[in-house]
Amino acid sequence: MTDVHSAPVRIGRVSVTFIGVRHHSPACARLVRDTLRDLRPAHVLIEGPADMNDRLDELLLGHDLPIAVFTSYRDTDTRHMSWAPLCDYSPEWLALTEGRATGAEVRFIDLPAWHQAFSGLENRYADAERRYARAIDRLCAEFAVDNIDTLWDHLFELGDPTTLPERLATYFELVRGEDPASPGDLARELYMSRWIAAAVTDLNTMPLVTADDPAHIVVVTGGFHRPALIRRLLDQEASATIDLAGLGEMPRPREIDVMPSHGDAAANAQPAPQSAHPSSAASLDPGSDDESTRAGQESPAMGVEMTDERSAPPPPGAVLDADGKDSGGIGTMWPEVPPFPGDGAGGSYLVPYSFRRLDAFDGYQSGMPSPAYYQQLWEVGAEAAGEGVTRAVVRRLRNRGQAVSTASLIGARTLTLGLSRLRGHESPSRTDVLDGLAGTLITAALDRPLPWTGRGQLRAGTDPVVVEMVAALSGDTVGRLHGRTPHPPLVHDAERELRRCGIPDDGSFEVDLGSADGLDASRVLHRLRVLGIPGFERTSGPAVGRPPEPGESWRIRTSHMRLPGLIEAGSLGATCAEAAATRLGERFTKAGSDTGELAAVLFDATLCGLTELTGHIVDSVRGLVQSAGDPVGLGRLLAVTLGLWRHDRLFGTADSPMLAALTDAAVLRLLWLVEGLRGGPAPTDDGLLHAIIAVRDAALHAGGVLSIERDDLVGVFRRCTAQDRPPALRGAAVGVVAALAPHDTLDTARAVRLAGAPDVLGDFLAGLFALAREQLLEVAGAELAASIPELGGAPTAKGETSTSRESLPDRSDTESSGAPLLAVLDELVGRFGETEFLSALPALRLAFAWFPPRERAHIGSRLLEMRGLAGDGSALLRLRADAEVLARARAVELRVDHLMAEHGLLAAESDQIAGDDVKLSGGSHV
């Protein structure tokens, strides 16, 4: 390992101070602030996007932090987005603000986020030490802590500030180690080293700078990069690539001018895409680097031979000097910002950020969790921060109805102080506070480890008290941009569209789809919904598989995330229509051959009024239907296509020849897939039932565009009533025949009896009710509003009377018992033993869920009448406890009875315990 350099590096008449930081660390922020105030450097160089250098005034307008620099890039094949967040205690923010305050020239020196070094990296400030975890694991084991966050607090946030630079330098040298860095890190460090070299050259050319009174440069980067940047600078000096004697005659560096100015006049303009730069794709000459070469390793990710950072040739795409080569020495020009690759477009904008997005417990990549705690640590110190977050936790718990007594608070405070002393902390750390609160407020055993003992997002099932504790330390602070901050064109277009359509900022909004103005407003709202802009929720309106509705209802609410959402969606296009089309195009591409997702994209494109995209989707999907293998997804596609073809004169798609052809192709493919299904008892597949419903509706309402005759279609489903089909499919097939051929001789009654087994009946009825509920419950009398076909035959003891693989017999082949269907179902359920009933109950409840509440109430009334009881059937639908809880309780009681009978503590009884009560209970549950 190389020597630790905590002291400044002297290059000629210039002193360079490297400060390695952990992003969003209050301790590092204080170190940066104090260093800048003490040295008052001429240059402050910061790890940050160099494309923002001509817009630093925009960063300093006076925003309420946290904010972030959002960068996007998009071309025909790629879309990349990246964030560089800044909060009050970010070292980079302190470097920027304090550097300006002390009169330094402040510059960002890192590659722009569209460079391939950031490929797959959404957060510029993601912790590099997480990618090199071996040293971290050793340190955690040595100091007996759970993770890097606890380790960091123990070593740096609560330590002696006078020795902080030495401790940070040692830590980051250990983390970096001698292992080769990633290709992306190498490219970034090469680029940053050129900025440092240019700043050194700039100051060494100044005649007033002397060795006795050196000029200062302060470099603030992630600590992982610090050792490599120092080694590069020292190796350059040692290899005599710096001609100190001739520096006075070297030309002054030029100022960088890489992006259009964003003053007030340009507030509504989007940065113009930069053209491809020839040098950005040029290959580098390994021989041009003077550093000693070590044995390398191949990096498939970047396609170059990798060695360590002192000898590796830069990866492809690295920024070159004016001659297109890597000179390896101190340059005389400020490095250029790499242009967008190829014909891509994009840019950088400021966006409001929030503590929640900044929190590692919410999935943020750059480490420091609990931003509200660290904000207080920055503002008032560790002691007061611990007390403040304790009050915040108690306040949240009490607001949620959780009782927290004064005695509990005293206990938590005592435990926190004891833990901090035991762990060697002069003041309580974040983990000390959390452990103290958890040890006092959580009295039950936990199913999962406390989240601050690890990393990442909270897992499902986390104790509610723990959730509130984490939320309190996360905080609800949301940043706000200054009013003069430039925004992408989409923000202004959305504001104009909402204002033009009379859509309020908050409240309910009703849309009349029959009017041109209403249809226009609906399309604007759907485009914002497709873009995922918070605050726009549709509560009613046209939906897949439902009759058309002439209007829509929207609930609109203000949201602090609306502006960030619009700014970030601005990377998709300059207008709402363009951005929505791009987003749906991405979804279409990602869907591939998933016909279900393609159906959703088609429906959304129609609602958004994107006619050209709708036509493209339909043309593309027709070829996929012929090879589709998923009946569920294909059923969703058919439902969407049929709905648009039948109803949507509002959207201009009714009677479309393209939709008619797609409907026919989907029906034919679904019939082929459904007829090939085989299997025994299995849970109901609701998706399959909806697909069959779509086929039925197509036959009923679009028969004129289908190439298959109705009799042939009915024949397919008659064959699907055979005993070797899954119960739900058998029931659905019987329902299709009843719906499409009401005078068919198929005996529906016998079909129900053949499916009378406990593990079959509920699933069979689900298919039957889903497809032919209306036909089975036709109005026949004032009392019941439904009459049921007569049925005949006698079941066996267990209901399944036949194992034949043939289709069901015709009604003419069986005797009729004259019993209505409800009576037959009551008879079949009544034959179940108690264990069988409890087993069949969940599927029966799902089957009868196909009936709306009013019809279920009629069924309940009829059950009461059949038993000679008076009462309102709707009362059977309202239970004092959840039906599943009652079923589980009855199952427990049954097991207890059987155990007692086995041990002679209870007279043995038949399985039909309290059979009449159970049957009535089953009816009410159904």
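1. A starting point on terms: helices (H or I, at least four residues) and strands (E, at least two) are DSSP runs, numbered from the N terminus. With that in hand, His 24 is found in the loop between β2 (14-21) and α1 (26-39). His 24 is not a glycine, yet its phi is positive, at about 65°. Its relative accessibility is 2%, so His 24 counts as buried; buried means under 20% relative accessible area, exposed over 50%, and partly exposed in between (1.4 Å probe, protein chains only).

2. Before going further, a word on the source. This is a predicted model, in which local features need pLDDT of at least 70 and side-chain atom pairs count only at pLDDT 80 or more, while totals for chains, interfaces and linings use all residues. Residues are numbered from 1 along each chain as its sequence is written, and side-chain values use heavy atoms, with hydrogens and water left out.

3. Now the overall picture. The chain has 926 residues, and 54% of them are buried. Its secondary structure comprises 32 helices and 13 strands. Taking contact to mean heavy atoms within 4.5 Å, 75% of the contacts in the chain with a separation of 6 or more come from residues 24 or more positions apart.

4. Two other backbone spots may be worth a look. Ser 370 has a positive phi, near 50°, and is a residue other than glycine. Ser 370 sits in the loop between α9 (355-358) and α10 (371-380), and it counts as buried because its relative accessibility is 1%. The peptide bond from Leu 65 to Pro 66 is cis, with omega near 10°, and Pro 66 lies in the loop between α2 (56-59) and β4 (67-74).

5. On to strand β3 (residues 43-49). Seven of its seven residues are buried, so the strand is largely enclosed by the rest of the structure. Two strands pair if DSSP finds at least two bridges between them. β3 runs parallel to strand β6 (residues 105-110), with five bridges joining them; Pro 49 has Asp 110 as its bridge partner in β6. Four bridges, again in the parallel sense, link β3 to strand β7 (residues 215-222), where Val 220 is the bridge partner of Ile 46.

6. The nonpolar interior comes next. A nonpolar core is a set of buried Ala, Val, Leu, Ile, Met, Phe, Trp, Tyr and Cys residues joined through side-chain atoms within 4.5 Å. The largest one has 108 residues, and Leu 59, Tyr 171, Ile 503 and Leu 528 touch the most other members. Helix α11 (residues 382-399) gives the most to this core, with seven residues. Leaving out residues up to four places away in sequence, Ile 503 touches Leu 498, Phe 509, Ala 521, Val 524, Leu 525 and Ile 556. A second, separate core of 95 residues includes Val 716, Leu 768, Val 824 and Ile 859.

7. Finally, a helix pair. α11 packs against helix α12 (residues 406-422) at an angle of about 145°, with the axes 12 Å apart; axes are lines fitted to C-alpha atoms, for helices over the stretch in contact, and angles run from 0 to 180 degrees between N-to-C directions. From α11, the contact uses Glu 383, Glu 387, Thr 390, Val 394 and Arg 398, and from α12 it uses Leu 409, Arg 413 and Leu 417.
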